[in-house]
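I opened this entry to keep track of what I looked up.

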Amino acid sequence: MSPALPALVVFVGSLHAAEPFLVAHRGASHDAPENTLPAFELAWKQGADAIEGDFHLTADGRIVCIHDFDTARVAGRKMIVKDSTLAELQALDAGAWFKPAWKGTRMPTLREVAATVPAGKKFYVEVKCGPEIVPAMLDDLAASGLDDEQIVVISFNAPVIQAVKERKPQYKACWLSSFGKGTPLDPGTGKVLATVRAIQADGFSSKADPRLDAAFVKTLRDAGIEYHCWTVDDAATARRFMELGALSITTNRPGFLRNALAGPTP
Ligand code: G3P
Ligand code: CA
């Protein structure tokens, strides 16, 4: 073999884009009711690399999977999650709002969601409340049997990320933020880096905002900070953010998006 050949093989290989790492947002929530066991199980069937779910602490110290601070949108009856017991919340129907076929689906606990995660796949645990959830959450995650590398804690609440990294530095943890409406982007890279460093986060995750550019992601990555994005259901946007350097793409449609990304680039 010519000595130049191995270098050529490496070069050709590098022309291929990295495989997309797809995180199922609230499970396969385009096809099943968000944040329920059927949505998470469907996400695995659709070939997701990870699932993402939203979690709150209940009045009796348990951890329940629901996005909003109350149950009105997904259960048709308003109960404040933090003021309700797990039994009260699980007595509600969290599936019928989506389609009658899902009637009778209940809100799962953190442990029940963790139990769906296959070996080698990841679990993005989004904390929607404050750091009061952290001791119970770390107990539940430790009891889940998942490896440390399978768990990624994410939150808009910076003190939550800080509390997780102080107690369990082995878990990857990312700070989430939305951007303000104006320009330049707010938070900009200076504010993101300062926050991420102060709370010892491993990364930053934002909406797949069209204003975000390569320089933004490069600044973070040059500083050793991961970048991730949500919620992307079309191949063009997913390709753009993968090219910018997003390490994961959170989507409501993991099966659809993977197929679309495998197709020809327009
Ligand atoms: O993955 C982050 C994303 O889920 C944050 O937004 O409102 O859908 O929880 P939200
Ligand atoms: Ca979420």
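My notes follow, site by site.

**Entry on the model.** I am working with a predicted model. I kept that in mind for each entry below.

**Entry on the calcium ion.** Which protein atoms hold the calcium ion (ligand 2)? I found E52 (OE), D54 (OD) and E126 (OE) as its protein donors. Along the chain, I read the donor spacing as E-x1-D-x71-E. E52 has 3% relative accessibility, so I count E52 as buried. D54 is at 1% and is buried too.

**Entry on ligand 1.** I listed the residues around ligand 1. They are H25, R26, E52, D54, H67, E126, K128, I154, F156, L176 and W230. A polar side-chain atom of E52 sits 2.8 Å from an oxygen atom of ligand 1. For E126, a side-chain N or O atom is 3.0 Å from a ligand 1 oxygen. For D54, the corresponding distance is 3.3 Å. How much of ligand 1 does the protein bury? Taken alone, ligand 1 exposes 290 Å², and the protein buries 89% of that.

**Entry on the nonpolar core.** I went to the largest nonpolar core, which has 61 residues. F123, M137 and F204 touch the most other members. Helix α7 (residues 158-167) gives the most to this core, with 5 residues. Another core of 10 residues lies apart from it, and includes L89, L92, A94 and M107. I followed up F123. Beyond four places in sequence, F123 touches I51, F55, L110, V113, A114, V117, L141, L146, Q150, I151 and V152.

**Entry on D140.** I found D140 in helix α6 (residues 134-143). Is D140 buried or exposed? Its relative accessibility is 14%; the cut-off for buried is under 20%, so D140 counts as buried. Leaving out residues up to four places away, D140 touches I63, L110 and R111. L110 is also on the contact list of F123.

L247 sits in the loop between α10 (235-244) and β9 (249-251). L247 is partly exposed, at 36% relative accessible area. I looked up its distance to A18, which is 229 residues away along the chain. Their C-alpha atoms are 9.5 Å apart. Outside its sequence neighbours within four places, L247 contacts F21, R221, E226, Y227 and H228. T250 is in strand β9. T250 is at 7% relative accessibility and counts as buried. Beyond four places in sequence, T250 touches V23, H25, C229, W230, T231 and V232.

**Entry on backbone geometry.** I noted two cis peptide bonds. One joins T183 and P184, with omega about -10 degrees. The other runs from D186 to P187, with omega near 10 degrees. P184 lies in the loop between β6 (172-177) and α8 (189-199), and P187 is in the loop between β6 and α8 as well. I also noted positive phi values. N35 is not a glycine, yet its phi is about 60 degrees. N35 is in the loop between β1 (22-25) and α2 (37-45), and is buried at 2%. Q200 also has a positive phi of about 60 degrees without being a glycine. Q200 lies in the loop between α8 and β7 (203-207), and is partly exposed at 48%.

Definitions and conventions: Residues are numbered from 1 along each chain as its sequence is written. Chains are lettered from A and ligands numbered from 1 in the order in which they are written. This is a predicted model: local features need pLDDT of at least 70, side-chain atom pairs count only at pLDDT 80 or more; totals for chains, interfaces and linings use all residues. Side-chain values use heavy atoms; hydrogens and water are left out. A nonpolar core is a set of buried Ala, Val, Leu, Ile, Met, Phe, Trp, Tyr and Cys residues joined through side-chain atoms within 4.5 Å. Buried means under 20% relative accessible area, exposed over 50%, partly exposed in between (1.4 Å probe, protein chains only). Helices (H or I, at least four residues) and strands (E, at least two) are DSSP runs, numbered from the N terminus. Contact means heavy atoms within 4.5 Å. Donors are N, O and S atoms within 2.8 Å of the metal (3.2 Å for Na, K and Ca); water is not among the atoms, so sites may look incomplete. A residue is near a molecule or strand if one of its heavy atoms lies within 4 Å of it. A polar contact is a pair of N or O atoms within 3.5 Å; within protein, one must be able to donate a hydrogen and the other to accept it, and residues adjacent in sequence count only if both atoms are side-chain atoms. Accessible areas come from the Shrake-Rupley method with a 1.4 Å probe; for residues, only the protein chains shown count as cover.
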